[in-house]
Structure formats: structure tokens, C-alpha cells
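Hi,

Here is the structure I promised to pass on to you. Have a look at it first, and then read my notes below.

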Amino acid sequence: MIYLDNHATTPCDRRVLDRMLPWLTEKFGNPHSTSHEIGREAAQAIDSSLNVMGAILGVAADSILMTSGATESNNLAIDGVCRHPRQKRRNVITTTIEHPAVLDVVDRLEKDGFRVTRVPVHQQGHESAGQVDLAALRDALNEDTALVSVHWANNEIGVIQPLDQIAAMVHEAGALLHSDATQAVGRIPVSLAEVDVDLLSASAHKFYGPKGVGFLTIASGCHPRRVRLKPLIVGGGQQRNLRSGTMAPANVVGCAAAMELACAEIESTAREALSLRDRLWSGLNRSIDELRLNGSSLEPSGRLVGNLNVMLPGIEGEAWMSATPGVAFSSGSACSSVDAKPSHVLTGIGLSESEARRSVRFGVGKFNTRDEIELAIAALVEGFQRVAGSLQ
Ligand code: PMP
């Protein structure tokens, strides 16, 4: 199997697993039971992991909250800000192409009486297709806006959002900015010392760490825009009362180790992924007439370098996938592939439902090789020709 679905998840790096294992075996202490050495060493492992992550992300270690992943982080950021008892503002702004872990949260807020604005993005054909329409965002912001949630990079079309410009607008309106950076962390530089985001979510399994762990950074302490959150999970009061429950030292160590490795290797990984992705696109484009690129141009400044999203002439993405079982890729969003509806990201950039169904996503990652890409191109072209031939 050639794995080209690195936006859905990435394999855990063996070096990360090796760093985690002691915390699942002999070093089994509860990090909140610090009256003895075994608990204290677990607490210290968590502290030093948070320091590593804080240094990379440009935030204080104590503004990082460990969670079960980006889904929980997004829920906490959005619900937590909007449902805080001292929150007076009733408007939330997001985009039409966010992950369901954002869109479903704002849908629920809307049912509960909040006013939700879903700002459009540039349409297919625009050089920056998928980027937020900044004029529409400016028009949507108002004195009642509590929070704006815009992802850093998209999981289907890889578009990178202009977060620094968005942050300036949002803060001028006195609102808070949340960004779902799940597809960005470890792939492109993400520093909150440079981009002024108040809440940031991510999951370790997208940067070669374990599944089931992620984080939310929260502007706090002496930050000029202190964020007040209503917790989702209450109980023992761990993590400053914001997320009760015993922390998992192995997961926290794994998340930090994965982030450290991904960021140390970010340039070489990106160079290689860009070259392999470009080869995949040119190989497919040469053999499949009228194959179309979905989303923005392939320029690295506006699009994740491992991302490729293409529309086929005549056949559905699902049929291509079934005809090419040796290659792992996805139609629409893997996270919602249980849902047969066409991708809201693709319809959000203006594709029709039938065009969206004819589209697939590839995500090239750091363990892919040149040989794999050549084999994948041959298998994909052969699979396409078989399905297209059987339809004639
Ligand atoms: N946001 C984005 C942009 C994602 O790509 C994903 C995972 N597909 C998530 C949130 C949810 O992450 P998790 O499933 O790890 O909670």
C-alpha cells in the first residue's frame, strides 16, 4: 500500500514512539500525585514537554492546554468563549470551508440563539481560491462579535489563510481570534510571536505524533486580550480547572517530541514533499486528459506543499479509489468520509456537487519516496483508464 493520505493522518515517527514508551511502562506515575518521586518525574516530563512546545509556538508554557485532539480543542475554544457566563457578545464568525469540528460547534451555537456569520472564500479560478474574502470578513465584523474562527491551512485543498491580516482586523473590532492549525503545525512555521492569534488548536497525529492527543493555546496571564473559557470537562480541576482529568504523560511527551522533530526538519521535509507532489501532479496530468487542479495555484506561499486536489473528467473519485486499491488517498474529507455528501470545502470554492464528487485529495508526507510516487502514478493512471474504459 502506498500511503498518500497524510492530511487524514501521518504515521507515528519511530523516534517519537521511543520517547513515549518509558512513560507507558516503568515511569507510570500520576503527574498530579507529586508527593512522591514517581509522580514528580511524570509532572516534570509534562513541564519540560510544555516548555518545548511553548518555545516552538512562541507562547508561554502555561498557556498550552493538552486535550484529546483538535476536535476537542476547537469545541473548547469556540463553546468556551461564547458560553462563558461573562460573555456579552452574541455573534460568531467563521468561514464556509472550516473542518466540521468548527462548523458543527457554531451550528449548535446558532440553534442556541447565537448569531453565526459564515464568510465566503475566493472561488475556483482565483489564484488564491479558498482564501478568506477579507472584504467580506471586514463587513461581517461588528461590536457584537465575540469570536472569529479561521483555520490556518485547509485539510482538503491545502490553502493557507492570511492569518496576520485577519488578526489585525479581528482585534480592531475587539473580538478574539481562534485558528484551527491542525494542518499547519509541523508543516509550515506557526509562531504566535509573529501572528497574533488568541486561541490555536492542533492534533499530534498530523505531525507524526500519536493519535488522541492535541492542544489548545490560550492567550492568558498578562496577555492584553485575556481569554475567558467555560470548561467542557469538569472534575478534579487539573490543567487550571480548564480540563479536568489525569493528564497522559506519554501523549504529552509524544506530542512535544513530534513537534520538535517536525519543526527541526521542516525545511528539508517541505522541499522533498514539494518535489514529490509536483511530480505526482505532472505525472497524472500528462496521462489523464482534462484533469483539473482544485484550489489555489501550487505556489508554496499559498498552499501546503504536500497537498494535491484534482477533479477527474467523467468518473467519480470513489470509483477511482476502488479501482486503485494499492494507493491510499481520499475523496472529500477523510474525517467525514462516513458522510456521502460532497465535500463542503469544494462546493465552498464554487464547484458543483457533481464536480466535487469527481474530485480526490492526495497528501504527500515525509515518509513517501520517489519510487512510491512513480508506482502510484502508474497505478492511478491504470485505474483511471480501466474505469473510464468500462464506461464507454
Ligand atoms: N481540524 C482539521 C483542519 C483537521 O484536518 C482535523 C482532522 N482531520 C481536525 C480538525 C480534527 O482532528 P482530530 O480528529 O485529531 O480531533
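A residue counts as buried if 20 or more other C-beta atoms lie within 10 Å of its own, as exposed if 12 or fewer do, and as partly exposed in between, with C-beta atoms placed from the backbone. By that rule Ala 248 is buried, because it has 21 C-beta neighbours inside 10 Å.

Two points on the source. This is a predicted model, in which local features need pLDDT of at least 70 and side-chain atom pairs count only at pLDDT 80 or more, while totals for chains, interfaces and linings use all residues. Residues are numbered from 1 along each chain as its sequence is written.

Back to Ala 248: this residue sits in the loop between β8 and α7. (Helices, H or I of at least four residues, and strands, E of at least two, are DSSP runs numbered from the N terminus.) In sequence Ala 248 is 182 residues from Met 66, yet their C-alpha atoms are 9.1 Å apart in space.

Next, helix α2, residues 37–57. Buried in α2 are Ala 42, Ala 45, Ile 46, Ser 49, Leu 50, Met 53 and Leu 57. They lie on the same side of α2, because they cover an arc of only 130 degrees around the axis, taken from the directions from the helix axis to the C-beta atoms. An α-helix has 3.6 residues a turn, so residues three or four places apart point the same way. Among the elements covering these buried residues are β2 (64–67), β8 (214–218) and α7 (249–264). Just after α2, Gly 58 has a positive phi of about 75 degrees.

Domain 1 gives 24 residues to the contact and domain 2 gives 28, where contact means C-beta atoms, placed from the backbone, within 7 Å. On the domain 1 side, α10 supplies the largest share, four residues.

Finally, the ligand: 14 residues surround it, and the closest are Gly 69, Thr 71, His 99, Asn 155 and Ser 203. (Here a residue is near a molecule or strand if its C-beta atom, placed from the backbone, lies within 6 Å of it.)

Best wishes

Key. Contact = placed C-beta atoms within 7 Å.
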